[in-house]
Amino acid sequence: MITLKNQYLTVLINELGAELTSVKDTDGLEYIWQADPTYWKRHAPILFPIVGRLKDNQYEYDGQTYEMTQHGFARDNQFKVESQLPTKASLLLRSNDKTLAKYPFKFELRIIYELVDHQLNVSLNVINPAQDTLLFSIGAHPGFNVPLVKGEGAFGDSFVRVAPKKAYTQIPLKPPYSDPDDSKTIDLTKPLSLDHDMFNSDAIVLNLDRRETTVMLANANNDHGVSLTVENAPYVGIWSPYPKKAPFVCIEPWWGVADTVNSDGQLTDKFAINKLEGRHAFAGKYSISFF
């Protein structure tokens, strides 16, 4: 387990999946969901090389069919710690025989965490070491405790606020697939009060048009919360498991989404797939502020 620490926060990162597992302030307040399997057994997994679920858990590429489960395999692989400083760490996963059996692309996946005052900066870097084009999706799935103080009924006292304030295009999910052809508009000019029923069709997926966007999760009755800012993600998902009344919410920056309801299963045709040319690199960045 990797520890990053400054005068405000202590951060724990697991080499398994390069997963953020804890962020505590100096009073011991835990911001990150602690993976109670009653609701959800993870904290903040890295999603790669897909986001969401493939149709029938499979895809076809270059005439061959491959099996892959939801959100890909990075979250279940051991990363190598490339470097570690008191407030910064870099973790690396390289393609290997095991990954190539599921995903026929060579890659380097580097996750960098840096703690700066009350903020954790995260960089998701994909490097294509080969000559052929690399097809991939990537994302993060951090879960945050709600409430961030002890008390009953605090989920309903919490809210999500999005900046810039405007109406966003929402991509509906028809679980477990997406349906961008049935997109609708959601008014986020005002805070969105949390209600467990709002997740009855899975995550709320917003189209950000790759513009810098901040999603804040806070409680009306205390001064604690988190704000997650994405620099260049096309989508963000807001999720809590339904019908379980789970005491946490995930804010998820995504560079990709689940297969569409009418997907043909071809990886080259996958909706919102990223195409990285040979010998090139991709960087997805976001930051989380804790208050």
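The model is predicted, with local features needing pLDDT of at least 70 and side-chain atom pairs counting only at pLDDT 80 or more, while totals for chains, interfaces and linings use all residues. Residues are numbered from 1 along each chain as its sequence is written, and side-chain values use heavy atoms, without hydrogens and water.

I placed V249 in strand 24 (residues 248–255); strands (E, at least two residues) are DSSP runs numbered from the N terminus. I noted V249 as buried, because its relative accessibility is 0% and buried means under 20% relative accessible area (1.4 Å probe, protein chains only). I read 15 Å between the C-alpha atoms of V249 and L206, which are 43 residues apart along the chain.

I then turned to the nonpolar cores, sets of buried Ala, Val, Leu, Ile, Met, Phe, Trp, Tyr and Cys residues joined through side-chain atoms within 4.5 Å. The largest has 72 residues, and Y103, L109, Y113 and L206 have the most contacts inside it. Apart from it I found another core of 15 residues, including I171, A203, V205 and W254.

Last, I traced an open sheet of nine strands, antiparallel in pairing, in the order 7-8-9-10-26-22-21-14-19; strands pair if DSSP finds at least two bridges between them. Strand 7 (80–85) and strand 19 (192–193) stand at the edges with a single partner strand each, so one side of each lacks a neighbour in the sheet.

Methods
Helices (H or I, at least four residues) and strands (E, at least two) are DSSP runs, numbered from the N terminus. Buried means under 20% relative accessible area, exposed over 50%, partly exposed in between (1.4 Å probe, protein chains only).
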